[in-house]
Amino acid sequence: MKITFLGHACLLIETEGKHIVVDPFISGNDLASHIDLSKIKADYILITHAHQDHVLDVETIAKITGATIVSNYEIVTYYGQKGFSGHPMNHGGSWNFDFGKVTFTNAVHSSSFPDGTYGGQPGGFIIEAKAANIYIAGDTSLTMDMQLIPIQTQLDLAVLPIGDNFTMGIESAIYASDFVQCDRILGYHYDTFGFIKIDHIEAKKKFLDVDKELILLPIGESITL
Ligand code: NI
Ligand code: MN
């Protein structure tokens, strides 16, 4: 499984020959100006919630690629009314896709579209593929519900927001990694705008001090699991 960080909360996951884009926000991200939106391959677009910094480029990518949108019922319905194909889920539900099993998890946040349309309840995703099991938390606070995840899934990587203000910050993300029982963390949702700028060296040190690894990928770079 190859995971490429496309800035903010956007990931490109390649596994089982499929391309899965998560929370595309590229054209509005000054830090991701070197990423060519028109060249992104996608079989699926996973959306954690309806905020602009997670859905801005959904329609552009879906139009080019014909990707299937996977999200909560309200978000999939919203795009369905615009003619896009989708697969609706809700919290606690799992579905076996052709690249692996996806579970829609709880997140404590909000989820309205930029135009004010109700975007359902926010979530995150667990992806269980042949190569690896990963958890993508979405925008969320630290929540006790994270403790439910390792009961059913042994994770190889947890993707956690670390930018604070709108989501968890570093200290909470360290507790979250305890809750999900995964010491390998890919940080996201930081640096994009003023309220969420972080000190990378200090952040990595805080994780290292408790024997955890915080990976902060330059935008456009990948890790392989
Ligand atoms: Ni949000
Ligand atoms: Mn966000």
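Predicted model: local features only at pLDDT ≥ 70, side-chain atom pairs only at ≥ 80, totals over all residues.
What covers the buried residues of helix 3? Residues are numbered from 1 along each chain as its sequence is written, chains are lettered from A and ligands numbered from 1 in the order in which they are written, and side-chain values use heavy atoms, with hydrogens and water left out.

**View 1. Helix 3 and its cover.** Helix 3 spans residues 73–80, and its buried residues are Ile75, Val76, Tyr78 and Tyr79. Helices (H or I, at least four residues) and strands (E, at least two) are DSSP runs, numbered from the N terminus. Buried means under 20% relative accessible area, exposed over 50%, and partly exposed in between (1.4 Å probe, protein chains only). The buried residues of helix 3 fall within an arc of 155° seen down its axis, so they line one face. That arc is taken from the directions from the helix axis to the C-beta atoms. Their cover includes helix 1, helix 2 (58–65), strand 5 (68–72) and strand 6 (86–89). Contact here means heavy atoms within 4.5 Å.

**View 2. The N-terminal cap of helix 3.** Asn72 caps this end: one of its side-chain oxygens lies 3.2 Å from the backbone nitrogen of Glu74. A polar contact is a pair of N or O atoms within 3.5 Å; within protein, one must be able to donate a hydrogen and the other to accept it, and residues adjacent in sequence count only if both atoms are side-chain atoms.

**View 3. The manganese site.** Asp53 (OD), His54 (NE2), Asp139 (OD) and His189 (NE2) coordinate the manganese ion (ligand 2) at 2.1 to 2.2 Å. His54, in helix 1 (residues 52–55), and His189, in the loop between strand 12 and helix 6, are 135 residues apart. Donors are N, O and S atoms within 2.8 Å of the metal (3.2 Å for Na, K and Ca); water is not among the atoms, so sites may look incomplete. Asp139 bridges the manganese ion (ligand 2) and the nickel ion (ligand 1), which lie 3.1 Å apart. His54 is buried, at 0% relative accessible area.

View 4. Most residues other than glycine have a negative phi. His189 has a positive phi of about 60° and is buried, at 1% relative accessible area. Glu16 has a phi near 50° and is partly exposed, at 39%.
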